[in-house]
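Have the sequence and the structure at hand.

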Amino acid sequence: MGGFGMVHQPVLEREITDALSGATGGVILDCTLGGGGHSAALLDATPPSVSIIGVDRDPAAIDRCRMRFEAHGERFRAIHASFGDAPVLDAAIGHRPLIGILMDLGLSSFQLDATGRGFSFSDHLSLDMRFDPTSSELTAREFIHRAGLQELADVIFRYGEEPRSRRIARAIIDARETGPITSGAQLGDIIRSAVRSRDPRIHPATRTFQALRIAINHELELLERSLDWAIHRLTPAGRIAVISFHSLEDRIVKTRFARFAGRCQCPPDFPVCRCNPCALIRVLTRKPIVPADDEVLNNPRARSAKLRIAQKLEAVDAS
């Protein structure tokens with residue numbers, strides 16, 4: 001979902017098409033549709049017997065991509081849903097073989113650039129942060145006004161890996177006592193006044209905004225659940241490709257891939273394996289694939305991207 005402004009630059013486009021365009025027929029599921037950049041590349045790289053189903057929680061992304069891919073007819077279908085909503089995805093795929101799954105995690109550049117969504121430090125209109133603004137989930141504004149000091153600090157530390165989480169939480173609590181915090185810009189200014197940036201190129205509220213967004217949208221819980229579903233749902237020889245943008249996501253992907261590749265999950269002090277691992281996939285990336293220097297130069301958002309790829313085994317190894 002990479003890119004800036006209205007020019008959509010999908011991250012690791014060539015690597016994704018190389019990984020997912022080998023099959024001759026079936027369905028590829030783009031679980032994080034965004035601006036549709038990866039779906040467009042896959043439509044170009046695959047034969048007419050391959051169709052793409054794009055999924056996104058953001059209704060704006062669905063509307064945008066339905067218009068963009070209208071000329072492709074039945075080869076492309078966009079669904080407004082979470083990639084963790086297995087029954088909806090199962091119904092959309094039907095009995096067709098699921099030959100590929102793509103997850104491009106995190107925040108879309110369209111969402112970051114859009115005013116009134118609250119994802120940006122420069123957004124003076126809102127502090128929402130929900131991927132689906134039509135949902136009944138708490139907004140970021142509601143959360144920071146309801147949470148106590150400890151809960152807020154824990155969220156910022158856990159999901160933002162922010163070592164100054166308690167100081168930031170205290171600044172937010174103090175600020176809300178003088179009046180409501182209503183926008184991303186206002187929250188960013190509160191955090192900037194509480195802590196200094198250790199890198200002048202990075203806004204000091206970056207980790208806190210990440211933490212609030214992850215918590216509000218239940219991103220990590222959905223990722224774990226969707227990876228489990230995806231690996232079981234893939235047809236034999238089908239592939240799953242996941243692009244992550246921070247260590248929390250990448251750790252989940254790496255751990256889940258290792259588990260489904262048959263690696264023992266028992267604690268190190270167990271003398272004998274008790275988890276009876278069963279290999280469902282083969283991990284194709286010993287280390288994650290990262291963007292080349294020229295891609296990072298052309299698309300700075302790609303700098304933290306990590307791609308991991310796995311392939312469903314033709315037969316389950318129960319040994």
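Leaving aside neighbours within four places in sequence, Arg117 is in contact with Asp58, Gln111, Asp123, Ser126, Asp128, Met129, Arg130, Phe131 and Pro133. The model is predicted. Arg117 is found in the loop between helix H5 (109-113) and helix H6 (140-146). Arg117 counts as buried because its relative accessible area is 12%, and buried means under 20%.

The side chain of Arg117 makes polar contacts to backbone. It reaches the backbone oxygen of Arg130 at 3.2 Å. A polar atom of the Arg117 side chain also lies 3.1 Å from the backbone oxygen of Phe131.

Now the rings. There are 3 aromatic pairs. One of them joins Phe119 and Phe131: the ring centres are 5.9 Å apart and the planes are at 35°, so the pair is tilted. Both residues lie in the loop between H5 and H6, so the pair ties together parts that are 12 residues apart in sequence.

Another pair is Phe121 with Phe209. Their ring centres are 4.7 Å apart and their planes at 70°, so this pair is edge-to-face. It links distant parts of the chain: Phe121 is in the loop between H5 and H6, Phe209 in helix H10 (residues 206-217), 88 residues apart.

| Residue | Relative accessible area | Class |
|---|---|---|
| Phe119 | 6% | buried |
| Phe131 | 9% | buried |
| Phe121 | 27% | partly exposed |
| Phe209 | 4% | buried |

The charged end of Arg301 sits over the ring of Phe245, 4.0 Å from its centre.

How values were computed:
Residues numbered from 1 in each chain as written. Predicted model: local features only at pLDDT ≥ 70, side-chain atom pairs only at ≥ 80, totals over all residues. Heavy atoms only, no water. Helix = DSSP H or I, 4+ residues; strand = E, 2+ residues; numbered from the N terminus. Buried < 20%, exposed > 50% of the residue type's maximum accessible area, 1.4 Å probe, protein only. Polar contact = N/O pair within 3.5 Å; in protein donor to acceptor, adjacent residues only side chain to side chain. Contact = heavy atoms within 4.5 Å. Phe/Tyr/Trp six-rings, centres within 6.5 Å; stacked < 30°, edge-to-face > 60°. Lys NZ or Arg CZ within 6 Å of the ring centre and 35° of its normal.
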